[in-house]
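The tour below goes from one selection to the next and says what is to be found at each stop.

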Amino acid sequence: MPGFEDRSLVFGGAPPGTPWGTLGAIVRAALAPEGYVVRIEPEASRGRCPGLVNSGALPFGATQALLTRWAFDGTHEYAGRTPLRRLRVIASIMMPAWLGVAVRAEAGILNLSDIAAQRRPVTVLGARGALFERVLAHHGLSRAAIEGWGGSFRSMPHVPLDARPDWFRAGGIDVIMENIYAAFTPEAACWWDASAFMNLRFLPLADDLIATIVAELGGEPGEIPARLFRGVEAPVPSVYRPYQLIFGRDDMPDGFAYTLARALDRHRGLFRATHIPFSYDSRTVARDNGIPLHPGVIAYYRERGYLDA
């Protein structure tokens with residue numbers, strides 16, 4: 001594949017400061033001592049990276065583990081598409097994240113089911129994708145129903161952080177349903193603004209809803225930690241999504257895959273030196289995500305004893 005021979009590669013990531021863009025920066029720094037020059041492609045974001053890597057348009061990249069598995073299988077948000085069976089995992093990287101659901105405390109919403117019972121015209125930020133669709137449905141809600149009651153949905157536009165809308169100062173949001181984690185990224189910045197300018201009530205997900213999401217879509221039962229943001233006064237039951245994947249294609253040279261796995265291990269401190277709570281764990285880096293590991297990394301992880309972990 002072009003790029004491996006001349007050691008000039010393109011990593012499928014996202015814009016600077018994002019989780020996948022930051023993983024690209026880590027890969028670039030880890031491979032630099034090996035003589036590789038890596039450029040990060042920001043337009044591989046928003047779920048496009050698996051398809052670009054599977055097609056050979058990009059040699060490697062990173063995406064959230066659940067999304068990558070759905071792309072590999074052709075399910076959920078990738079339903080109706082050809083399964084991307086040429087993907088091969090290089091490393092599973094830890095990044096604590098949860099499904100976050102919060103409401104404006106003054107709205108008096110104690111449970112999302114209150115919205116359906118009262119047919120309230122709420123303004124919702126987020127609630128996109130298969131995971132949050134299950135949360136809405138569990139409470140008798142849908143985008144069509146909320147809009148039919150006069151409500152609306154908003155999403156954070158893909159603009160620089162200093163150009164994002166000032167919805168929270170004006171109290172223009174009633175419900176937030178977004179991924180939540182401890183980093184001021186473009187994707188999660190809404191939590192920082194909302195928790196600073198609004199009084200948020202974080203809502204727990206019911207045990208049966210958590211079990212259904214985990215069984216059908218993936219993730220693990222977990223709890224949003226107390227004090228993660230203002231308003232999280234105690235642990236909040238939710239779905240935990242702790243893994244990001246760095247992956248390539250099945251025809252990536254075994255020698256390069258081995259070198260990449262070794263470089264990430266040797267320079268694991270790079271993951272901790274970012275604004276995002278990444279970590280490299282030798283007990284989970286070779287975990288089974290339902291997608292095959294690349295043979296080159298199997299050789300490295302076997303040498304290190306990580307496969308046994």
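Begin by selecting Ser 45, which counts as buried because its relative accessibility is 7% (buried means under 20% relative accessible area, exposed over 50% and partly exposed in between, with a 1.4 Å probe and protein chains only). Ser 45 sits in the loop between β2 (37–41) and α2 (49–55), where helices (H or I, at least four residues) and strands (E, at least two) are DSSP runs numbered from the N terminus. Leaving aside residues up to four places away in sequence, Ser 45 touches Gly 13, Ala 14, Pro 15 and Trp 20, contact meaning heavy atoms within 4.5 Å.

Before going further, note that this is a predicted model, in which local features need pLDDT of at least 70 and side-chain atom pairs count only at pLDDT 80 or more, whereas totals for chains, interfaces and linings use all residues. Residues are numbered from 1 along each chain as its sequence is written, and side-chain values use heavy atoms, with hydrogens and water left out.

Next, select Gly 21, which lies in helix α1 (residues 19–31) and counts as buried because its relative accessibility is 5%. Again not counting residues up to four places away in sequence, Gly 21 touches Gly 13, Ala 14, Pro 15 and Ile 40.

Now show β1, β2, β3, β4 and β12 together: they form an open sheet of 5 strands in the order β2-β1-β3-β12-β4, with mixed pairing (two strands pair if DSSP finds at least two bridges between them). At the edges stand β2 and β4 (87–94), each with a single partner strand, so one side of each is left without a neighbour in the sheet. Neighbouring strands of this sheet are turned by 25° against each other on average, direction ignored. Strands of a sheet pair through backbone hydrogen bonds, either parallel or antiparallel.

Strand β1 (residues 8–12) pairs with β3 in the parallel sense over 2 bridges, and here Gly 12 stands opposite Gly 61. Strand β3 is largely enclosed by the rest of the structure, because 5 of its 5 residues are buried.

Move on to helix α9 (residues 254–266) and helix α11 (residues 295–304), which pack at an angle of about 45° with their axes 6 Å apart; axes are lines fitted to C-alpha atoms, for helices over the stretch in contact, and angles run from 0 to 180 degrees between N-to-C directions. The contact involves, among others, Tyr 258 and Arg 262 of α9 and Val 297, Tyr 300 and Arg 304 of α11.

**Helix α5 and its surroundings**

Select helix α5 (residues 129–138), in which Gly 129, Ala 130, Leu 131, Phe 132, Val 135 and Leu 136 are buried. These buried residues pack against α3 (65–73), β5 (98–104), α6 (143–148), β8 (175–180) and α8 (207–216). After α5 comes Gly 140, whose phi is positive, near 75°.

**Two positive phi values**

Most residues other than glycine have a negative phi, and most peptide bonds are trans. Against that background, pick Ala 127, which has a positive phi near 65° although it is not a glycine. Ala 127 is found in the loop between β6 and α5, and it counts as buried because its relative accessibility is 2%.

Is Arg 119 buried or exposed? Arg 119 lies in the loop between α4 (113–118) and β6 (123–126), has a positive phi of about 50° without being a glycine, and is exposed, with a relative accessible area of 54%.
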